[in-house]
Every structure is written in structure tokens, then in C-alpha cells.
Amino acid sequence: MVNSDPSLKQTTLMKVKNILTITLIILVPLGLLVYFLFFRKTTWKKFWDKVLYGVISREYGNNTPCNNFSGSGCIGKRYTDVLEHDGGTIGIAHWASGGLCKLYKNMDTQKYFNRSQTEMCDNWASRYSGANTQQWWVDGFVEFVNSPESKEIQDKTFIESRQSAVDSAIENGWTTDREMAIAVGFSNSYGNSGFRTRANNFNWKPEEILDWYGQQSNHKNNRKIQIDKWFPKNSQNKIV
């Protein structure tokens, strides 16, 4: 015979209800956390892509190529740049001199130069290293910047280089994409510590910092113009 005891049915229903309630209590916050982390990651990726293209590279030099080693007649920056300036200048952020070591550490130097990362940083990462006079160095970088892996490596290197400035900006109350673009653009010229020093002098007021920055040279004013174009003051988006 089938047991039709009402109390047993009620107990069973209560157990199922409790299980469903516990499951929802666990899954809903977990789902919200996953959504938040995904949204945050996507938001920041869009920011980095935008600031690299619009501000740092000046829209890939107004989307024009730079096909000569001297960089003559070229403006802006491209992922494929291999130039002779400053002992050798590479890629979307124009890594040069000591900055090249950051790039070496994220790429397979053995593959492109037949040398270790340590050797490349010690001997081929300064203004006076003569790297730009070495054909193996030029050929290796031409191969690298045109490789399928190059963009991802360059993006990673750039973000790592500027993350400290962004973190300092956030710690001092900056929250919008425009403010982060100011931190990135300024620190790309003066370094992360230089950005912090100047920001302290201006009491961490982003617009005052940007105005001062734009007055320092034509190059820096052009970068200020790009920040104003791609991250307008009257339509800032909160990303923190």
C-alpha cells in the first residue's frame, strides 16, 4: 500500500523547500559575484583598449603606417613599429631604453633573438646599448611585432607598466574612465612615481593635472587633446 500520511507529505515538502531555499541562498550571491567580476573585467578591458588606441597611439597615428626604420614622417604609434630612436623603439607604447626590459620579460626572447631574457635586459635595454644597430635585433623585433601573439603581449606589458599609476589614482578617489586616462597618459610620459609626485602637488585634482601636463610640450598637448576627444569631461563613465 502507498503511504498517504499527510504529515509525511508535509515533512517531505518542507525538506524540499528548505533545500531549494538553501540552494538559492548559495547560488544567487555566487551568480551576482560572477556577473560583477565579469562586468568589471570587461569594463576594464574596454578602457585599456580605448586608452591605448585613442590616447597613447593617437589612433595608430591616424591609422597610417610607419614603414621606415628612421620613423621619418610618422606620427603616433602602432603595434608594428620598429624604430631606431633612443637605442631602439618598439610597438604600441614605443618601449625604448630601459623600458625594453619590460617587454623582453613578457616575450620569448630565445625564439626571436636566440638570447635569454636576462641577457637582453642586461645588454640590450639602454639608450646606448647599440641594439638598433644590430640586424639580428631589428629582424627579431620585426618578426615579433608581426606575430599573432604580439598584440596580446604588448597589451599585457603596457597594462603592467601603468597599473601602479591607476592604482594610486583609485586610492586617491579617482573613479571615472577620464580620470584613469589622465593617470595613464601622464604616467606614460613621466613614469608612475612622476605621476604620483605631480598629482600630490596638485592635491590629486585630475583636471588641474591635465591642464599642467598639456602645457609642457606640443606632444603632451596632443595627448591632452586625445584624452578630451576619447574621454570627454562632460560624459565620464564611472568604472571604479
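Start by selecting Y190, which is partly exposed, with a relative accessible area of 34%. Keep in mind as you look around that this is a predicted model.

Zoom out for a moment: the structure holds 25 aromatic pairs, and you have one of them on screen. A pair of aromatic rings is described by the distance of the centres and the angle of the planes. For Y190 and W212, the centres are 5.9 Å apart and the planes sit at 45 degrees, so this pair is tilted. Colour the helices next: Y190 belongs to α8 (residues 177-201) and W212 to α9 (residues 206-214), so the pair ties together parts that are 22 residues apart in sequence.

Stay on W212 and bring in F202. Here the ring centres are 6.5 Å apart and the planes are at 55 degrees, so this pair is tilted too. F202 is in the loop between α8 and α9, while W212 is in helix α9, ten residues apart. Buried or exposed, these two? Both F202 and W212 are buried.

One more neighbour of W212 is worth a click: R198. Its charged end sits over the ring of W212, 4.0 Å from the centre.

For another charge over a ring, jump to K50 and F231. K50 lies over the face of F231, at 4.8 Å from the ring centre.

Last stop: which residues do ring pairs link into a cluster? Select Y104, Y112, F113, W124, W136, W137, F141 and F144 together, and you have that cluster in view.

Key
Residues are numbered from 1 along each chain as its sequence is written. This is a predicted model: local features need pLDDT of at least 70, side-chain atom pairs count only at pLDDT 80 or more; totals for chains, interfaces and linings use all residues. Side-chain values use heavy atoms; hydrogens and water are left out. Rings of Phe, Tyr and Trp (its six-membered ring) pair if their centres lie within 6.5 Å; planes under 30 degrees apart count as stacked, over 60 as edge-to-face and the rest as tilted. Helices (H or I, at least four residues) and strands (E, at least two) are DSSP runs, numbered from the N terminus. Buried means under 20% relative accessible area, exposed over 50%, partly exposed in between (1.4 Å probe, protein chains only). A charge sits over a ring if NZ of Lys or CZ of Arg is within 6 Å of the ring centre and within 35 degrees of the ring normal.
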